[in-house]
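Q: Could you walk me through this one before I set anything up? I would like to start with the overall picture and then ask about details as they come up.

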Amino acid sequence: MAEQIHWLYRKENRPKLWAIQITILALTLLPGLFIQVHHHFPAERFSLDTSPGFFAWFGFISCAWMVALAKFLGRFIKRDDTYYDA
Amino acid sequence: MLKPALPPMLGVLARPVRETAHRKPIATALTLLALGSLLLWRLFPPGLVMILGAALIPFVTAETRRALVLGLPILTLVLVWLVPADASLSIGFLDARLAPVHATAEGRLFATVFAIMAFAGGLYGLGQARPLEVTATLLYAGSAIGVTFAGDLLTLFIYWELMALGSTTIIFAAGTARARGASLRYLLVHLLGGVVLMAGIVGHLVETGSLALTPLGTDSWPAILILIGFLVNAGAPPLSAWIPDAYPEATPSGMVVLSAFTTKTAVFALLMVFPGTEILIWIGLYMVFYGIIYALLENDMRRILAYSIVNQVGFMVCAIGIGTELALNGAAAHAFAHIIYKALLLMSAGGVLLMTGKRKCTDLGGLFQSMPITAMHGIVGALAISAFPLTSGFVTKSLETSAAADEGLLIVWLLLLAASAGVFLHAGIKFPWFVFFQRDSGLRPAEPPQTMRAAMWLLSGLCILIGVFPGLLYAILPYPVTYRPYTFEHVMTQLQLLLFAGFAFFVMLDQMKRTLTISLDLDWFYRRSFHALGLRLADRVASAHARLEGRARAATARLIDALAAHNGPQGALARTRPTGSMVLWVAIMLGASLLLYIR
């Protein structure tokens, strides 16, 4: 008896999954337009953190940057996983 | 080399524990221990309960062993809370005073979570862990609790080294060749750390005449040595690699236990002795990003989580460096929460390892279909480590980031924020995704045994309990807490940060494809470079030896030849002479003497 492919793995559901994710992301951004985030650094004249969506793009960019850095470092430090067994 | 490692280990693990129906010894042992320690409760070091109990394990029946494994941590937990807040037992030793039972709020907090972990780890390993591992676990956990009640550096050191022995034995008990190698490397690193720590303690005693466990500056060499000794156990650079090298070679239950104690006692020691030491901020930040980058490159699921330990301890070390009351509360609370959710993550990973025998992300995937419970617990742990609202990470890690903001440390705050997103990236989403989802590997393992599931339920429950009722944890923190984690703004900004980090993960999924690789680390120096140097040295010594030996042989041969030339059969000294020539010589000598006399 062939097992049915779980709906998460079906090709036709891919776009739906992306749509759900993007909806959720939009929902988390929404309240930021109406409420004012407090200054974390009132004395340092740094006010970027109060702009709407700061945490969202900061999170995205720092992650993208870390993946890129890991990828770059990986070129130098990656070895076969039997490296130390020889 | 890799191949034979796992199946025999699992075979040993799966060996059923013999059942016997003797209940008497449990009762006697437990009552004796309980009575003995309760009678002396003002003076009895709570850590000793498990250390003494560990000594019983090899001699009792399987039934009693189970009772001890579960009963001793509970008894310890009770004792931890019975020690009066101002208790300090003082014993004279040589010229110094030792304080083996010294109650502090920080110590009690750490001892509490250590006892909980000893119980949960014991429960998880019931029927799986061999007696050697169980014994080592109790010794290890008991010594960790001993550290938290140490009022002086010497007591701390003794428990510190006992922990190294216990943890090495846990790794060794996995029984594979890889585990044996890893346990020896682990022991070497910890012995090195121990020697540095001891040198610092002795220097400090000579300099100040005191062994008391009080905050030190970093203005003297002994204090710096003590700091280095502590940092080795915290997994700080340059010696971070021992964590991902050694822990993942332990058994599933072994690694759960290992993740809890060594690095967190180091956090405790730093918290007590070096609060507000600025260098710790930068060391902590290095550890935070080191953990993320290496975990992103890693393929072995338990090594991902091991790198993530370094990352999380980095947050705590950084907070200790900031050193305000809020920051120190944050470090302590984060350690408490971290021990629980990291153990939960490792229990989930350990369940997968036990049931599939596979540990690499490239071999796994799609397991949520046949292991939904294990997957769910893994996800709870992942949400907690990422600090999602309603989990323990959310209410503890935010104390640390707020402390950075309150001190006006803008760069530190931005880096911690980026790192918080990175935690979701490397552990919170990468671990569950590659193990339980991604592509379907076709594996359909069953759920792990019931005791393992029970341990996971316990810790999942704690992660959410602390997340929903943070007041329970805040009440036992070292300093009063006025911080409120649940504001609309905090929940919203945290969700933005994390969900967009998750978005980055899926957008860049192609960049994160797992490969059959490991990543070189500074342990390359002692595993490869020093090894190669050692081999070359051995070569040189061997060839020098061969040359010297050759010369000595040649000289001896020459001596023998010379002797043979003179004394051998043809030698001048050994030549036999014919009788005639003797007569001739006698005649000549007689003639000569006649001539002499005649004159």
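A: Read along its sequence, chain A follows the pattern α-α-β, and its secondary structure comes to two helices and one strand. Please keep in mind that this is a predicted model.

Q: How many residues of chain A are in contact with chain B?

A: There are 41 residues of chain A in contact with 41 residues of chain B. On the side of chain A that touches chain B, the elements giving two or more residues are helix 1 (14-29), helix 2 (54-77) and strand 1 (78-80) of chain A.

Q: Which of those gives the most?

A: Helix 2 of chain A does, with 16 residues on the side that touches chain B. Sorted by class, that side of chain A has 24 nonpolar, 10 polar and seven charged residues.

Q: What does strand 1 of chain A pair with?

A: Strand 1 of chain A is joined by three bridges to strand 3 (residues 517-519) of chain B, and the two run antiparallel. Within that pairing, A:R79 stands opposite B:I518 in strand 3 of chain B.

Q: Switching to chain B, then: what does the domain assignment give?

A: The assignment for chain B gives domain 1 (29-524) and domain 2 (525-598). The centres of domain 1 and domain 2 of chain B, taken over C-alpha atoms, are separated by 70 Å.

Q: I also noticed a hairpin in chain B; which strands make it, and how many residues lie between them?

A: The hairpin is made by strand 1 and strand 2 of chain B, with two residues between the strands, and B:L94 takes a positive phi near 50° there. Strand 1 (residues 88-93) and strand 2 (residues 96-102) of chain B pair in the antiparallel sense over five bridges. As for individual partners in strand 2 of chain B, B:F93 is bridged to B:A96, while B:L89 has B:V101 as its bridge partner.

Q: Is strand 1 of chain B covered or in the open?

A: Strand 1 of chain B lies largely in the open, because the number buried among its six residues is zero.

Q: What about helix 5 of chain B, is that mostly covered or open?

A: Helix 5 of chain B is mostly covered, with 18 of its 21 residues buried. Helix 5 (residues 105-125) of chain B reaches 30 Å from its first C-alpha to its last, which is close to the 30 Å expected at 1.5 Å a residue. Just after helix 5 of chain B, B:G127 takes a positive phi of about 80°.

Q: Last one: why does B:L462 count as buried?

A: B:L462 counts as buried because it has 24 C-beta neighbours inside 10 Å, and the threshold for being buried is 20 or more. B:L462 is placed in helix 18 (residues 450-468) of chain B. The C-alpha atom of B:L462 is separated by 21 Å from that of B:S420, and these two residues are 42 residues apart along the chain.

Definitions and conventions:
Residues numbered from 1 in each chain as written. Chains lettered and ligands numbered in written order. Predicted model: local features only at pLDDT ≥ 70, side-chain atom pairs only at ≥ 80, totals over all residues. Helix = DSSP H or I, 4+ residues; strand = E, 2+ residues; numbered from the N terminus. Buried ≥ 20, exposed ≤ 12 C-beta atoms within 10 Å, placed from the backbone. Contact = placed C-beta atoms within 7 Å. Nonpolar A, V, L, I, M, F, W, Y, C, P; charged D, E, K, R; others polar. Pairing = 2+ DSSP bridges. Expected span 1.5 Å × (residues − 1). Domains from an automatic or database assignment.
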